[in-house]
Structure formats: C-alpha cells, structure tokens
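Welcome, and thanks for taking a look at this one with us.

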Amino acid sequence: MALLDVQNLSVNYGVIKALKGISFHVDKGEIVALIGANGAGKTTTLHTLSGLLKPESGTITYKDQNLVTTPGHKIVSLGMAHVPEGRRVFKDMTVLQNLKMGAYTRKDTAEFQSTLEMVYKRFPRLEERKEQLSGTLSGGEQQMLAMGRALMSHPDIILMDEPSMGLSPIFVNEIFSIIEDVNKDGVTVLLVEQNARKALTIADRAYVLETGSIVKEGNANDLLNDESIRKAYLGE
Ligand SMILES: Nc1ncnc2c1ncn2[C@@H]1O[C@H](COP(=O)(O)OP(=O)(O)OP(=O)(O)O)[C@@H](O)[C@H]1O
Ligand SMILES: [Mg+2]
C-alpha cells in the first residue's frame, strides 16, 4: 500500500490543461523524483497535492484518505509538508520566527524545543543566524530555512519544489546530501527537479513529466542510463 497514490489526476488553469491524467505513487521511505522541463506541470502537481489547487478529476490518496476533499490546513496536520518553489520564506521575520511558523500545527512547547534543536543540528547556519531577518539570508541559506521550517512540522512526507534552483554547485551538493540524510531519518521525499542528474542520483525511482503527461517512469538508476533521458535531460 503506497503512502501516496495519485490516479488519473487532471488539473486545468482555465483552458490550459496543465496535468492530463497523471498517475504515480510514492511508497513509505522512498525518494521519488519528478523531473521535467519548464512548464511540464511539476509545480502544479505539488500544489494540487498540498491542496492549493483543486483537480478537474482524479484521486489523491494519502494514508488512506482522499486529499482532494481535505482542506489544505488539514493536509499539513496529516504529516505532509511542502517546500515551495523559490523558498517563500517570510522575509521580514527572523529565522527563528520562520521556524516557529513551521511548527504551528504543534502545541507542545517541550516538543517544539527538541524539534528546534534537531533542525539546528541539521542546519548549524540557521542557529548562527536565528535572529537575522530571513530576507537577508543568501539563497542557499533561505533554502535551508525553507527545509528547516518544513521539518518543524514533523512530516512523514516532504514535497520539495526545485531545491537546487539558483544555488552554487557547493550548496547544491549540500542541499542534496541533507535531503538524503532527512530521508535516512525516515522522511519520505517527493522531489521535483530540473536538475535531473542530481535528482536521479539520490532518488530510488523517478517519473518524467512532459507537458502534463508522464512519459516515462522507472528505477532512478535505469533512467540515468536511458539514452533518451540522457539526451533530453542530462545534456549528453
Ligand atoms: N496560475 C496559472 N494560470 C495559468 N496557467 C498556469 C498557472 N500556473 C501554471 N500555469 C501553466 O501550467 C503549466 C505548468 O506549469 P508549472 O508551473 O506546473 O510547470 P513546472 O513544471 O513547475 O515548470 P518550471 O520548471 O518552470 O517551474 C505551464 O504551461 C504554465 O504556464
Ligand atoms: Mg515549477
């Protein structure tokens, strides 16, 4: 039984058909990558999973619940966290205030402290900068903050939208190694990336999205060695 199961999902923006009946699943403990070019529908997929968009048709089953009829705020309390494209940290708030926002579904203050310590341990830069206004963090630090904020809600699954976007190679490596560590600690990951090579390197399985349809799926290693994928997405 998959942790997350999506069947025949279609999403329109007015007359634009952004997703044309896609089906995929994510099992507990996996890193699953969703790769595709600009405009393929990756962000639309994540927005629909976290309840920001309502689908035209199709089903989203998460922990045996139908997410299509579940309100967005409830989806977070079901253990699904979303790290949005472009990070979207609250720029006029400090690092610590942003992290507190991530824990809003949690009431217990002792637990808040221990979770905060866990996040600081994973991202020492955030602890050093906890009183700094988030808008003044570098792009890579903002990505860390967005991930830290998502981890504050103790997610079972984390949806990540282009975590490597705009980052230098060193930061990209750091972010990807943190994603692997978070996964090893038991968090399931659905990773959306244009950096297909990096995503396929850390993923267990992957789906390739092209103009709203899944055109290929498989074991991440097999896709890394697939000739059409290498030509289209790996620049070879
Ligand atoms: N709010 C919107 N209104 C109208 N069309 C939209 C809207 N948001 C997205 N689209 C269209 O839906 C399609 C899918 O967009 P989406 O943002 O999901 O792509 P993406 O795969 O995330 O691309 P990128 O890699 O550039 O982030 C695109 O053709 C886009 O123009
Ligand atoms: Mg996108």
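## Briefing on the predicted model

Four strands make up an open sheet in the order β2-β1-β4-β5, and their pairing is antiparallel. At its edges are β2 (16–26) and β5, each of which pairs on one side only. Please keep in mind that this is a predicted model. Its average pLDDT is 93, and 99% of the residues score at least 70.

**Confidence**

- Where is confidence lowest, and where is it highest? The lowest mean, 84, belongs to helix α2 (residues 72–77), while β1 has the highest, at 98.

- Strands β1 and β4 are joined by 5 bridges and run antiparallel.
- Within that pairing, Q7 has T59 in β4 as its bridge partner.
- N8 is part of strand β1, and its phi is positive, at about 50°, although N8 is not a glycine.
- Is N8 buried or partly exposed? N8 counts as partly exposed because its relative accessibility is 47%, which falls between the cut-offs of 20% and 50%.
- Y13 also belongs to β1, a strand that covers residues 4–13.
- With a relative accessibility of 37%, Y13 is classed as partly exposed.

**The loop between β4 and β5**

- K63 sits in the loop that links β4 (57–62) to β5 (65–66).
- Here too a residue other than glycine has a positive phi: the value for K63 is near 45°.
- K63 is partly exposed, since its relative accessible area is 35%.

- How many bridges join β9 to β10? Strand β9 (residues 205–210) is connected to β10 by 6 bridges, and the two run antiparallel.
- A206 faces G218 of β10.
- In general, the strands of a sheet pair through backbone hydrogen bonds, in either a parallel or an antiparallel sense.

- Helix α1 (residues 42–49) is mostly covered, with 7 of its 8 residues buried.
- The buried residues of α1 are K42, T43, T44, T45, L46, T48 and L49.
- Just after α1 comes G51, whose phi is positive at about 85°.
- T109 belongs to helix α4, which spans residues 109–122.
- Is T109 buried or exposed? T109 is exposed because its relative accessibility of 62% is over the 50% cut-off.
- T109 and F171 are separated by 62 residues in sequence, and their C-alpha atoms are 32 Å apart in space.

Definitions and conventions. Residues numbered from 1 in each chain as written. Chains lettered and ligands numbered in written order. Predicted model: local features only at pLDDT ≥ 70, side-chain atom pairs only at ≥ 80, totals over all residues. Heavy atoms only, no water. Buried < 20%, exposed > 50% of the residue type's maximum accessible area, 1.4 Å probe, protein only. pLDDT = per-residue confidence, 0-100. Pairing = 2+ DSSP bridges.
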